[in-house]
Amino acid sequence: DVIDVRSLVSEGYFTYDPGFMSTASCESSITYIDGAKGVLLHRGYPIDELAEKRDYLDVCYLLLNGELPNDIEKRDFHRTVMRHTMVHEQMHDFFKGFRRDSHPMAIMVGVVGALSAFYHDSLDITNDRHREIAATRLISKMPTLAAMAYKYSIGQPFTYPRNDLSYGGNFLHMMFSNPCEKYYVSPTLARAMDKIFILHADHEQNASTSTVRLAGSSGANPFACIASGIAALWGPAHGGANEAVLNMLEEIGDVSNIDEYIARAKDKNDPFRLMGFGHRVYKNYDPRAKVMKETADEVLSELGITDDPLLNVARRLEQIALEDPYFVEKKLYPNVDFYSGIIFKALGIPTSMFTVLFAVGRTPGWIAHWKEMISGPYRIGRPRQLYSGEPTREVKE
Ligand code: ACO
């Protein structure tokens, strides 16, 4: 049931809803979630079917345009995105301003925001063409910037994109090829990368997407808006959870230590939480986690990893959490971050890059929401507050 409270404003009322537990901040036709049933649809299509039958760029097209592309649209869109994968050469110098040990998310917030300083032909948000170019550029360049952040951290030269590869395959190439050694891009791993990006592509009004909308509501340019989304994604309660999951699995180390951590997660006096479990909206199995788990099995099998200690801990944790009355009663199921870290680790991607990959995947969702908002009538987002400070008082001399 929806209560429209807009009419209360003229009567001098406003609602108080910290954390937006029951407040819809907008109307949207992009993504539907039924948290109780564990359903996630993009433009009406179930996420598991999209992940199985389509590639990431098809899903980007769907989110941005409302329909899956036909053959000609697909060819044109893929070609356009892959043609814009390079970044301005001067960007290379920009990276050098960061310390080598900077967290790659810190670099991403900076360099994505800085795209607005490089591409002045896509900043006019009232111009359809500018909006299109900005959307394509962001989808094209995010993997390049992400791989550059990684290469910078390990002191290797940047690897230029290969536009003949798939989106996921090109990303793996830019991460792992170097001038002395060409990385073989396995089709299975490239497909897995593509699927991971699909599973992250959109999730309606989560913290980072809401941040992008809020920033966009002031008329800020698209690159600045997406940079604000990356910043909001970074926290461990949101996109940072995939990094936190792996750190947690490593800390647990062995199946024999699991009971101790389960007890800690249930102890109200201990701030520890089982990372990768629970979700604000899903009170059932996260449908993305199911596909992610299958993808983890495919990747580990392709890489010949049969007995991975972290995977054993993860599997046992999941089993216990699904049976333990505390988790059952609170409906704490594994979320999308639970298995993605295991796949990234198997691919050789360092932990600090995990949230960056989430950001790459989420980019079309952020842009689709930004575009949807600025294409219709909208007002600047301006939440109210309940003031609880001092009443008026006199300033003493
Ligand atoms: N481990 C143990 N207990 C938990 C966990 C957890 N992972 N998650 C929630 N709980 C408990 C809380 O202690 C609380 O218990 P109480 O009712 O006795 O106080 C109850 O479940 C409800 O939790 P809230 O924090 O109120 O739920 P909220 O909707 O605000 O938070 C969140 C959701 C942030 C995802 C939370 O479940 C969490 O911190 N999970 C771990 C981090 C994580 O995996 N984040 C990724 C989210 S998915 C994504 O961003 C893609």
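Mentor: We may, bearing in mind that this is a predicted model. Let us begin with helix 6 (residues 104–118) and helix 7 (residues 128–154), whose axes come within 10 Å and cross at roughly 140 degrees.

Trainee: Why is helix 6 called oblique to helix 7?

Mentor: Roughly antiparallel requires an angle over 145 degrees, and roughly perpendicular one of 65 to 115. The crossing angle is roughly 140 degrees, so helix 6 counts as oblique to helix 7. The crossing of these two helices is right-handed.

Trainee: Which residues of helix 6 and helix 7 meet?

Mentor: From helix 6 come P104, I107, M108, V111, V112 and L115, and from helix 7 come R137, L145, A146, A149, Y150 and S153. By class, this contact has 10 nonpolar residues, one polar and one charged.

Trainee: Where does helix 18 touch helix 6?

Mentor: The axes of helix 6 and helix 18 (residues 354–375) come within 8 Å and cross at roughly 35 degrees. P104, M105 and M108 of helix 6 are in contact with T355, V356 and A359 of helix 18. Five of these residues are nonpolar and one is polar, with no charged residue.

Trainee: How do you know that the protein is as compact as a globular protein of its length?

Mentor: The protein has 18 helices and three strands. Its radius of gyration is 22 Å, whereas the globule rule gives 21 Å for 397 residues; the two values are close, so the protein is as compact as a globular protein of that length. Along the principal axes, its C-alpha atoms fill a box of roughly 70 × 55 × 55 Å.

Trainee: What surrounds the ligand?

Mentor: The ligand is surrounded by 18 residues, with A241, R273, F277, G278 and R280 the closest. Eight residues of this shell are nonpolar, six are polar and four are charged.

Note on methods:
Residues are numbered from 1 along each chain as its sequence is written. This is a predicted model: local features need pLDDT of at least 70, side-chain atom pairs count only at pLDDT 80 or more; totals for chains, interfaces and linings use all residues. A residue is near a molecule or strand if its C-beta atom, placed from the backbone, lies within 6 Å of it. Ala, Val, Leu, Ile, Met, Phe, Trp, Tyr, Cys and Pro count as nonpolar, Asp, Glu, Lys and Arg as charged, and the others, Gly among them, as polar. Axes are lines fitted to C-alpha atoms, for helices over the stretch in contact, and angles run from 0 to 180 degrees between N-to-C directions. Helices (H or I, at least four residues) and strands (E, at least two) are DSSP runs, numbered from the N terminus. Angles under 35 degrees count as roughly parallel, over 145 as roughly antiparallel, 65 to 115 as roughly perpendicular and the rest as oblique. A crossing is left-handed if the near helix is turned anticlockwise from the far one by less than a right angle, and right-handed if clockwise. Two residues are in contact if their C-beta atoms, placed from the backbone, lie within 7 Å. The radius of gyration is taken over C-alpha atoms; the globule rule is 2.2 Å times the number of residues to the power 0.38.
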